[in-house]
Amino acid sequence: MKYVLVTGGVVSGLGKGVTASSIGLVLKACGLRVTSIKIDPYLNMDAGTMSPFEHGEVFVLDDGGEVDLDLGNYERFLDLTLTRENNITTGKIYQSVLEKERRGDYLGKTVQVVPHITDAIKNRIESVATIPVDGQEGPADVCVIELGGTVGDIESMPFIEALRQLSFSVGPDNFCLIHVSLVPVLGVVGEQKTKPTQHSVRELRALGLTPHLLACRSAQPILDNTKEKLSQFCHVPAGNILNIHDVPNIWHVPLLLRNQNAHHSILKQLDLLRIAAAPDLRDWTNMAATHDNITNSVKIAMVGKYVGLTDSYLSVVKALLHACIACSLKPSIDWIAATDLEDESSKSTPEAHATAWETLRKASCVLVPGGFGDRGVKGMILAAKYARENKVPYFGICLGMQISVIEFARNVLGWEKANSTEFDDGTPNPVVIFMPEGSKTHMGSTMRLGSRRTLFQTADCITSRVYHNSQYVDERHRHRYEVNPEFIGTFEDAGLKFVGKDETGNRMEILELPSHPFYVGVQFHPEFKSRPRRPSPVFLGFILAATGHYSYYILSRKGTRFFLLG
């Protein structure tokens, strides 16, 4: 196994995840099989219980793993299907070591960070690296490892030491270290400063790791004399100093790396030049150019709880981008805080209230994504009501589907106090209920998680058509509450149809309103399986409906390719 380690210095948020994904993509374009590991030094077992405001979205994998959003980047860039094991956390490592200690596996020895924690980290990395994630048998050729945080963080020290030991044990021809750092420009002087990177590399070397390549983040391309200075003081050849400057969209990052021969430097370090081919990124180049050249856009109202941090809905944003690009459009997302739509805000924050409603009315379509808790629910219900009554395309995901059920019960069936038991335990009409097998005492990994099968109840519905008349679809889930099956007959008699159910027939997975051009709710999260060249079918249908092309698309029977070719 060959390892490529990506570390970060100076500040967090430099884009290590995109850099690691892009490195993997370029190596894959060279004909190599690639896998990825994300190391998160926090004590949490996984990302499942973290607030979206603090850590961005929780990405869900096929096996039900709740992981860091960077694994979403890996899957989208590399077209992999990762497992929960591909996200290593301090919590997982310490739990495994403590379980061994309780069993007596250490035979009475004093359990210490070195060697027991570091050995557990090394063993976990080497084990996970062999898991096939690309649909083929056997291990990959290269494992790209991203170490979260920045060099010098206390919580990452055991991982740094374990990776130092790993680099020594596998040998120099099997380990390549790429350090991502910042080259800032001070506004007053206007000079590209190398000191932060010098200090970051010095600290990394003091911990026993020497970078083979530097990936320097900057607003503008770095100058030759800046490269020479970095080379001299960081002991990295000038040819191995890569510049990842700001680009119009992140799809350009792999092309930046390719244009700077990053693949050659990495392959040379890993002794893979003999078996690797020149990187074939023609399709990726065309995709990035297409994105840059598109001029038309579609206005999408995103009504959510966590709009203050757009990373909270990162996969939804990417899925919208994939669908829009397939339709030769750019997504113009108008973020609307659900609380701003509520009647109470007209008194407390009248300007925000008026702006939110004006934005909603100008949008071509309305999307209500997932979330937890009752904050903003009233606003989401108002948005669903507006879309239903005004025939505006509506797409509800997870909570967004449940919102549409509550809204329909209140305003069509006349059940004024209909609600979810998540928001009101005493509601007389519990149209959304807690799952019977769920846990009310433990939060982590207790939801309905991972890939589950949904069976279409009829072929004569929007979602079946956009999924190419398939009889079923496998999508990823993450929820604790579901539509109450006791009320399904009443809903369907009133016109709200549940066209997708689970294999037992008791769980409602997809709803539609046949009298509406596009009013769809799904209990699953289709955004997690969307890919740049394979947009999620239901997202694609949503964008087509927003632009008035849905019927034409269905009649053409040529699928997304029709729109990709214009």
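How many salt bridges does a search of the whole structure find? The search finds 32. A salt bridge puts a side-chain nitrogen of Lys or Arg within 4 Å of a carboxyl oxygen of Asp or Glu.

## About the model

This is a predicted model: local features need pLDDT of at least 70, side-chain atom pairs count only at pLDDT 80 or more, and totals for chains, interfaces and linings use all residues. Residues are numbered from 1 along each chain as its sequence is written, and side-chain values use heavy atoms, leaving out hydrogens and water.

## A buried pair

Lys38 and Asp68 form a salt bridge, with their closest N and O atoms 3.1 Å apart. The pair links distant parts of the chain, 30 residues apart: Lys38 is in strand β2, Asp68 in the loop between β4 and α3. Strands (E, at least two residues) and helices (H or I, at least four) are DSSP runs, numbered from the N terminus.

Lys38 is buried, at 3% relative accessible area. Asp68 is buried too, at 4%. Buried means under 20%, exposed over 50%, and partly exposed in between (1.4 Å probe, protein chains only).

## Pairs within helices

Arg164 and Glu161 meet in a salt bridge of 2.7 Å, N to O. Both lie in helix α6, 3 residues apart, about one turn of the helix. Arg164 is partly exposed, at 28%.

Glu389 and Lys385 form a salt bridge of 3.1 Å, N to O. They are 4 residues apart in helix α15, so about one helical turn separates them. Glu389 is partly exposed at 45%, and Lys385 is partly exposed at 25%.

## A network

Salt bridges also link Asp62, Glu75, Asp79, Arg476, Arg531 and Arg534 in a network.
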